[in-house]
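Student: I have a new structure to look at. Can we go through it step by step?

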Amino acid sequence: MLQSLHVKNLALIDETEVEFKPGLNILSGETGAGKSIIIGSISLALGEKVPKELLRDNESSALVELVFVVEDASTRKALEELSVEPEDDLVILSRKITSGRAVARINGEAVSVSRLKAVAALLIDIHGQHEHQSLLSKKKQLEILDAFAKHGLGDRKERLGVCFREYRKLSEEWSEANTDESERKKELSFLEYEVKEIRDADLKPGEDEELEETFRRFTNGRKIMDAAAAAAALTGGDGENASELVGRALREIGGVTQYDSRLVDLEQQLADIDGLLSDFHHEITAYLDTEDFDEETYYETRQRLDLINHLKSKYGNSVEEIISYCEEKEKRITVLNDYDEYLNRLLTSLKQKQKELDELCTQVSDIRKTQAELLTKAIGEALLDLNFLDVKFTMDFRKTEDYTSTGTDDAQFLISTNPGEPLKPLAAVASGGELSRIALALKTVMAESDQIATLIFDEIDSGISGRTAQMVSEKMHLLAANHQIICITHLPQIAAMADAHFLIEKSVEHESTVSRIHLLDEEASVAELARMLGGVQITDTVLMNAREMKTMAHMK
């Protein structure tokens, strides 16, 4: 479950920390007090996009940190598969936001946003107002069914996706293969020209690098020879040079060592230097004797490099790439020379892959249809608990015109909310309030098969009131028996069910507007319920009603 939330320098929040409780956590407050900022900050910590305007004025960075307690064995195993090891049963997700970037961390280790989202998906599920509308999408409805049917589907859906991609690749190859004979002859002629050009060059791997080194040496040959000759003249030969000067110094020292034994070591050092100079002079002279600028070799080297660079401009950035390109085209030539056999092999492969895809699509569709009966029956029962008096809820299956990566099912939820009315798609029937209740019914049913411990509902009570609101509150209470629920609400019926009630308030401090959130005790919770019931004027009767509402809720 979500143990705590820490927010710093985010929108109206300078700094706050909230410790959530097990069961139903209610967040309430006046419109504009900052309730959406709390949910928004949680979304940020889970990897959602960071709006530029979110940083508080004059602040260079913001921080959001979520601390989760993870005790469920299956969740721990799933986290370990993502290389996340809970420390003392804790997993800490954080995101530091600056004007230019956001850094995500899990237990202090910097991670990518995609990894942060993958971990967060195991720990928490946020259902906001925009999710209500997403329920109208047939794609989303199929995703919900697949999530419900995940154990029955096993790895079939993943295998179907792989098979579909392989089938599509073969289909595209088959379409491209069915060209007319004249086009094939043109292609064959062109490929044979390319292969001949490369093979005639008789390329050797690594040859270009060796040639470039030789060419550089030739290009700078005169400079090299002048420098070597100067070094030879300065270290030996006729005239005054280093070898002559060191020899003279050696003779001078050698003539007086008999008078001072301390000069013996110095004489030896000079003797070593004299020997080294002599060796160097012999080697540099030998180098000058063997090295010579060969005009013919230089010309051949340059011509060979020009040829290789020409081939590089057409076929690859290195000799190895050019050779690989040539081998590829030779395979294509083999295909073109025996095209009928190639077409037969391709058609056989395509038919086999289509058969495999058909089988997987049928298996997945059959499982979906079986699971859809269970899912829609459970949702229908949950809707009855949410004040749908006579509701029918089912799922319609049709076949797509072509294969897709998810199969051939074109499926959508159908609902009838009144006696005698035909079943229709959600988009054609559901009002805002009905959609909120359908979303809650879905979450309730899905939560029973889900391992996610924490569910967040943002404005799940949109468009409902009266008896319906009471029934929604009872459903939330039941859901909170097995899950931690964090819910933003305007309805006192839902707030009365709270196991922990938090108030979000906006105030002016030091000429700056800030939002604060704090846990209410029993009396403060009653007062907040009275505000939600009676508005500005809170009378003793309203307070009595609020207290009675809370008492009745605790008896559920």
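Student: Among contacts between residues at least 6 apart in sequence, what share joins residues at least 24 apart?
Tutor: This is a predicted model, so every value is computed from it. Take the contacts in the chain between residues at least 6 apart in sequence. The share of them that joins residues at least 24 apart is 70%.

Student: What radius of gyration does the chain have?
Tutor: Start with the reference. A compact globule of 556 residues would be near 24 Å. The C-alpha atoms here fill a box of roughly 125 × 85 × 40 Å along the principal axes.

Student: How much of the chain is buried?
Tutor: A residue counts as buried under 20% relative accessible area. The chain has 556 residues. The buried part of them is 43%.

Student: How is the aromatic pair of Tyr167 and Tyr403 arranged?
Tutor: The structure holds 4 aromatic pairs, and this is one of them. The ring centres are 5.2 Å apart, with 70° between the planes. Planes over 60 degrees apart get one name, so this pair is edge-to-face.

Student: Which parts of the chain does the pair of Tyr167 and Tyr403 tie together?
Tutor: Both residues are buried. They lie 236 residues apart in sequence. Tyr167 is in residues 156-177 and Tyr403 in residues 392-404, so the pair ties together helix α7 and strand β9.

Student: Which residue lies over the face of Phe388?
Tutor: Look above the ring. The distance from the ring centre is 4.1 Å. The residue is Arg437.

How values were computed. Residues are numbered from 1 along each chain as its sequence is written. This is a predicted model: local features need pLDDT of at least 70, side-chain atom pairs count only at pLDDT 80 or more; totals for chains, interfaces and linings use all residues. Side-chain values use heavy atoms; hydrogens and water are left out. Rings of Phe, Tyr and Trp (its six-membered ring) pair if their centres lie within 6.5 Å; planes under 30 degrees apart count as stacked, over 60 as edge-to-face and the rest as tilted. Helices (H or I, at least four residues) and strands (E, at least two) are DSSP runs, numbered from the N terminus. Buried means under 20% relative accessible area, exposed over 50%, partly exposed in between (1.4 Å probe, protein chains only). A charge sits over a ring if NZ of Lys or CZ of Arg is within 6 Å of the ring centre and within 35 degrees of the ring normal. The radius of gyration is taken over C-alpha atoms; the globule rule is 2.2 Å times the number of residues to the power 0.38. Contact means heavy atoms within 4.5 Å.
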